[in-house]
Amino acid sequence: MLFSYLMPRHKHSQVRVVPQKSRCKHTGTRKLMLKDQPESAITEQPIFQPLDPRVMNLWRLTDGLALAVLLLLLLAGVGIGWWFLPELGLWLVAAWGLLAVGSVVLVLWYPLRAYRAWGFRVTERVLETRSGVWFQRTQLLPLTRLQHVDLERGPLERMFGLASLVLHTAGTHAASLTIPGLEAEYAVRLRDWLVQIGGDDAV
Amino acid sequence: MMQSETQPGQNGQPEWMAGRLHPLTLVFGVWQGLRGLVALLPLFLVGNRWWAVGLGAFLFTGSLITAGLRYFSFRYRLEGGELITEEGVLERKQRHIPLERVQEIRLEQGLLQRLLGVVEARIETASGQGPEATLSVLGRAQAEQLRQAVQAHAAQLPRSPVAAGTPTPEVVRRLSLAELVLAGVTSNHLLSALVIAGTLWNFAEDLLPHNFYEQVARWLGSQVEFLWAQGAATALLVVLLGVLIVLVLGTFFSIAGSIVLFYGFTLTRSGEDLQRRYGLLTERASSLPRRRIQVLAIEETLLRRLCGWAALRADTSGTRQEAQDGRQGRDVLLPLVRRAEVEQLLPVCFPDLAGESAEWRQVSRLAIRRATLKVAVLSLLGVVAWWFRAPGWWALAPLLAIPLSYAINLQSYRHLGYALSERYLRLRRGWLGRTTHIVPVAKVQAVELRQTPFDRRLGLASLYVDTAGQAYTGGGPRLGNLPLAEAQALAQTLAQRAAATVYKG
């Protein structure tokens with residue numbers, strides 16, 4: 001794994017350790033294995049479940065691409081700046097370099113923090129997610145309010161064998177809740193299970 | 001003229017009915033065509049007459065044909081618990097609206113429609129995309145029949161506590177003329193002036209010349225220049241006089257607006273249905289099942305609070321805010337009511353609220369300090385900016401805002417709070433103007449806790465409660481500065497209780 005030295009060290013005891021080496025027999029891909037649980041049965045958990053650790057690399061890739069585009073645009077700006085103000089040129093390059101180094105550090109380090117901040121659990125028919133590094137947010141969704149659930153797999157997510165669940169309610173300002181970075185096959189089972197708990201008495 | 005046939009069911013309620021639009025639909029087509037012709041009048045008077053006549057004939061026949069096609073192609077029927085509408089000539093479009101999804105039925109009668117005894121009916125569902133079906137126009141009896149059929153269907157739903165049959169309507173509240181005047185005086189003047197302007201505009205827009213706005217702008221510009229030339233004192237006097245005139249006119253217009261809009265306002269409860277009927281020129285009636293209410297807001301603006309009055313607003317899941325809602329009075333459930341009366345009226349909207357009581361709880365006192373700190377930082381910035389422009393003791397003036405904001409924040413804090421009872425969450429906020437939100441726990445869609453870095457340092461969190469339809473009650477109940485543990489417990493309780501209930505619209 002590319003950035004394996006940045007893997008979480010799990011200092012919070014409540015975050016479940018995800019075995020790194022558990023690979024699927026058939027596909028050889030790593031799986032999010034919920035410890036002590038048979039694969040077919042997902043049950044309510046009082047403990048927050050982490051996302052699939054591969055999501056960190058997905059985030060590094062997407063954030064990296066976005067920042068790279070931004071940095072390239074800025075580089076063009078620096079070039080133009082040098083042309084018009086040659087005496088400031090080196091300063092501009094230095095500033096750009098500093099930004100670039102900062103971006104690289106951010107891209108490598110931030111997804112780890114974001115991953116550690118992410119967790120979800122289901123207790124008493126309520127799905128609870130928490131996320132956010134600086135601005136933290138806990139969302140609680142009574143599963144009987146589920147209108148429909150989308151399973152999303154973008155091309156990059158597919159590359160990593162991941163999927164996102166988007167849960168929709170009839171609400172207004174927080175009408176949907178997204179759980180990113182789930183192992184693809186697990187996401188399907190989780191979706192079916194959530195819908196089943198919710199029952200069919202939603203509108 | 002009855003255009004519908006019905007077959008009575010077991011308990012006298014029509015179970016099947018079918019109909020088409022009222023023949024007067026054609027007359028309204030002619031009327032619209034005529035209105036279009038008025039726009040061509042200037043062209044006829046000053047421009048090429050033949051062009052005007054040709055264009056007029058074209059437009060007139062166009063609107064006549066549209067109305068004719070609509071009348072001859074539109075069908076509706078009530079069948080198997082669904083309202084089915086069919087329209088279109090070449091391409092038949094069929095729309096099925098399950099009656100239990102109907103949120104609100106609105107009937108509207110303009111002046112001409114009242115004279116002719118016909119009604120425009122709009123049927124709203126939870127789709128939030130505006131009216132699901134518009135039936136324009138129906139006979140008055142037809143519309144009433146449709147409304148009763150939907151209501152009767154709702155009464156037969158298995159979960160509904162009301163027995164089938166036509167319930168006797170009971171008047172909840174009527175607004176007298178004096179109350180309407182009061183509502184006008186204490187309302188937002190500008191808005192009411194817009195009501196009048198809008199009404200006049202409907203009649204006038206076809207008659208005004210095209211460059212009307214340009215002329216007005218030019219006139220205003222020349223007046224301002226003239227005044228400036230006369231010296232500052234005169235200018236000030238004229239401005240003051242102008243403000244006074246605007247205030248007086250504004251009050252006058254808002255009283256007139258309130259009377260025109262809400263004349264004869266009656267809120268009636270008929271079984272599970274809340275019915276509003278109001279309007280002097282255009283009469284509006286809406287019928288809203290009370291179990292559809294997602295959030296109720298008791299709104300006390302400054303002027304009204306001082307007089308001990310309030311307004312009630314309600315959101316249903318279908319509501320989507322539209323520009324003309326305020327002008328049509330759709331956004332208020334009851335435009336004016338004594339604050340002391342509200343508590344007795346609440347069970348009309350929420351029948352199981354009566355037996356519930358809960359004590360009001362406050363948020364953390366840190367709220368006062370935080371709000372004042374924000375003002376302090378801003379005023380310090382103000383001092384710095386002032387000092388750089390003009391050094392001197394006067395630059396310290398912005399600091400006066402700090403004690404002032406402390407006093408305001410202290411008062412606001414005292415009136416901020418929440419109360420959670422078995423089935424309802426209440427939140428209140430505001431000092432000069434106050435708002436109280438009541439949310440049935442069964443209508444809670446999601447709960448959210450947010451913590452900014454500052455929140456985390458102080459161990460606080462903000463609570464957001466999400467419900468369907470927040471068009472008129474001011475964007476969802478929220479509460480800041482809760483101690484984290486309390487906020488978590490409250491969020492958990494709300495979500496778990498909501499999960500244990502069934503959400504029906």
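Reader: Is B:S73 buried or exposed?
Author: B:S73 has a relative accessibility of 9%, so B:S73 counts as buried. Keep in mind that this is a predicted model.

Reader: Where does B:S73 lie?
Author: In helix α3 of chain B, residues 49–73.

Reader: And what is B:S73 in contact with, leaving aside neighbours within four places in sequence?
Author: B:E86, B:E87, B:G88, B:V89 and B:R92.

Reader: Zoom out. How many helices and strands are there in chain B?
Author: Chain B has 16 helices and 21 strands.

Reader: What percentage of chain B counts as buried?
Author: 43% of its 505 residues. The accessible surface is about 26,500 Å², and carbon and sulfur atoms hold 64% of that.

Reader: What about contacts in chain B between residues at least 6 apart in sequence?
Author: Of those, 60% join residues at least 24 apart.

Reader: Switching to aromatics. How many aromatic pairs over all chains?
Author: A search of the whole structure gives eight. Take A:W109 and A:W134: the ring centres are 6.5 Å apart and the planes meet at 50°, so this pair is tilted.

Reader: Why tilted?
Author: Planes under 30 degrees apart would be stacked and over 60 edge-to-face. The angle here is 50°, so tilted is what is left.

Reader: Which parts does that pair tie together?
Author: A:W109 is in helix α2 of chain A, residues 89–117, while A:W134 is in the loop between β2 (126–131) and β3 (136–142) of chain A. The pair therefore ties together parts 25 residues apart in sequence.

Reader: How accessible is A:W109? And A:W134?
Author: A:W109 is partly exposed at 34% relative accessibility. A:W134 is partly exposed too, with 43%.

Reader: Which residues do ring pairs link into a cluster?
Author: A:W109, A:Y110 and A:W134.

Reader: Give me an aromatic pair in chain B. What is the geometry of B:F262 and B:Y278?
Author: Tilted: 5.5 Å centre to centre, with 55° between the planes. B:F262 is in helix α9 of chain B (residues 232–262) and B:Y278 in strand β11 of chain B (residues 273–278), 16 residues apart. Both B:F262 and B:Y278 are buried.

Reader: Which charged end sits over the ring of A:F48?
Author: That of A:R130, 4.3 Å from the ring centre. In chain B, the charged end of B:R20 sits over the ring of B:Y71, 4.9 Å from its centre.

Reader: New topic: cores. How many residues has the largest nonpolar core?
Author: 32. A:L51, A:L167, A:I179, A:L182, A:L190 and A:L194 have the most contacts inside it.

Reader: Which element gives the largest share of this core?
Author: α4(A), with six residues. The elements giving two or more residues are α1, α2, β1 (119–123), β5, β6 and α4 (184–198) of chain A.

Reader: What does A:L190 touch, not counting residues up to four places away in sequence?
Author: A:I42, A:F120, A:L165 and A:L182. Apart from this core lies another of 30 residues, including B:V172 and B:L353.

Reader: Back to α1 of chain A. How far does the helix reach?
Author: Its 31 residues, 54–84, reach 45 Å from first C-alpha to last, close to the 45 Å expected.

Reader: What do its buried residues pack against?
Author: α2, α3 (155–159), β5 (162–168) and β6 (176–183) of chain A. A:W59, A:L71 and A:V78 are among those buried residues.

Note on methods: Residues are numbered from 1 along each chain as its sequence is written. Chains are lettered from A and ligands numbered from 1 in the order in which they are written. This is a predicted model: local features need pLDDT of at least 70, side-chain atom pairs count only at pLDDT 80 or more; totals for chains, interfaces and linings use all residues. Side-chain values use heavy atoms; hydrogens and water are left out. Rings of Phe, Tyr and Trp (its six-membered ring) pair if their centres lie within 6.5 Å; planes under 30 degrees apart count as stacked, over 60 as edge-to-face and the rest as tilted. Helices (H or I, at least four residues) and strands (E, at least two) are DSSP runs, numbered from the N terminus. Buried means under 20% relative accessible area, exposed over 50%, partly exposed in between (1.4 Å probe, protein chains only). A charge sits over a ring if NZ of Lys or CZ of Arg is within 6 Å of the ring centre and within 35 degrees of the ring normal. The expected span of a helix is 1.5 Å times one less than its number of residues. Contact means heavy atoms within 4.5 Å. A nonpolar core is a set of buried Ala, Val, Leu, Ile, Met, Phe, Trp, Tyr and Cys residues joined through side-chain atoms within 4.5 Å. Accessible areas come from the Shrake-Rupley method with a 1.4 Å probe; for residues, only the protein chains shown count as cover.
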